[in-house]
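Let's take a walk through this protein together. Have the sequence and the 3D view open as you read.

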Amino acid sequence: MNGSMSQDYSTRSQADSYTVTAPRAADMRAAGAAAASVARGGDVIVLSGPLGAGKTTFAQGFGAGLHVEGQVVSPTFTIARSLAGRFADGSPANLVHVDAYRLPGSDDQPQVAASRLMDELESLGLDEELEDPGPGTVVLIEWGSAMASELASTRWEVTIDRSVADVSKGGGSADDAPLTSDGARTVTFHAIGCADRMPALIAALQTAHGAMKE
């Protein structure tokens, strides 16, 4: 795997979820590449987390793991981009990278948000890729948590959390503390309808963890 992970990288797991700590951008990219190494056609991956958490950095690692042609960046003028790559076995892969940040929607109305996303994708000719991903298509969605349940019944949800400012000395509450640009991120992978594949993902992430120690 390209890029080694720092020695502060750590993990914890449950039956259908797995969490890693990524202290550096390189660790985030390595986690994304590890996820891509076990990706298969038809997968839908939903990334969530606050601004600056590292969603696009993870997506860049995922793209590198899929050997996509060109750089993975957040779409600027369109809501989605399609990138050609290849899976770990060498077969062709099509990565559809969606950034729903600028898409109007509501956490209380996931159906509305999902409908608006599909309208946008239809205008780009990519709606069918999300409704029924082909055997070589992987869909990676940033800011899609509000509509995840409406988009795909089987999916990977990846939640990235940032650290907060130390408020212990001021007697404040951690819940009210501001997010910071420093410190480790925690990345939690949650398998929805595909928990049988979690062992393969865990093995890939552990391989990345081992590589950083070498």
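Which residues of the largest nonpolar core touch the most other members? They are Phe58, Phe62, Leu95, Val187 and Phe189, out of the 36 residues in that core. Please keep in mind that what you are looking at is a predicted model. In soluble globular proteins, nonpolar side chains tend to be buried together.

Setting aside residues up to four places away in sequence, Leu95 touches Phe62, Gly63, Leu66, Val68 and Val72, along with Arg81, Ser82, Leu83, Val138 and Leu140.

Now step back to the whole chain. There are six helices and eight strands, and along the sequence they follow the pattern β-β-α-β-α-β-β-α-α-β-α-β-β-α. Of the contacts between residues at least 6 apart in sequence, 67% join residues at least 24 apart. Buried residues account for 46% of the chain's 214 residues. As for the surface, the chain exposes about 10400 Å², with carbon and sulfur atoms supplying 47% of it.

Finally, have a look at Asp161, which belongs to strand 7, residues 155-161. Its relative accessibility is 38%, so Asp161 counts as partly exposed, a class that runs between 20% and 50%. Beyond its neighbours within four places in sequence, Asp161 is in contact with Ala184, Arg185 and Thr186.

How values were computed
Residues numbered from 1 in each chain as written. Predicted model: local features only at pLDDT ≥ 70, side-chain atom pairs only at ≥ 80, totals over all residues. Heavy atoms only, no water. Core = buried A, V, L, I, M, F, W, Y, C linked by side-chain atoms within 4.5 Å. Buried < 20%, exposed > 50% of the residue type's maximum accessible area, 1.4 Å probe, protein only. Contact = heavy atoms within 4.5 Å. Helix = DSSP H or I, 4+ residues; strand = E, 2+ residues; numbered from the N terminus. Areas by Shrake-Rupley, 256 points an atom, 1.4 Å probe, with all protein chains shown as cover.
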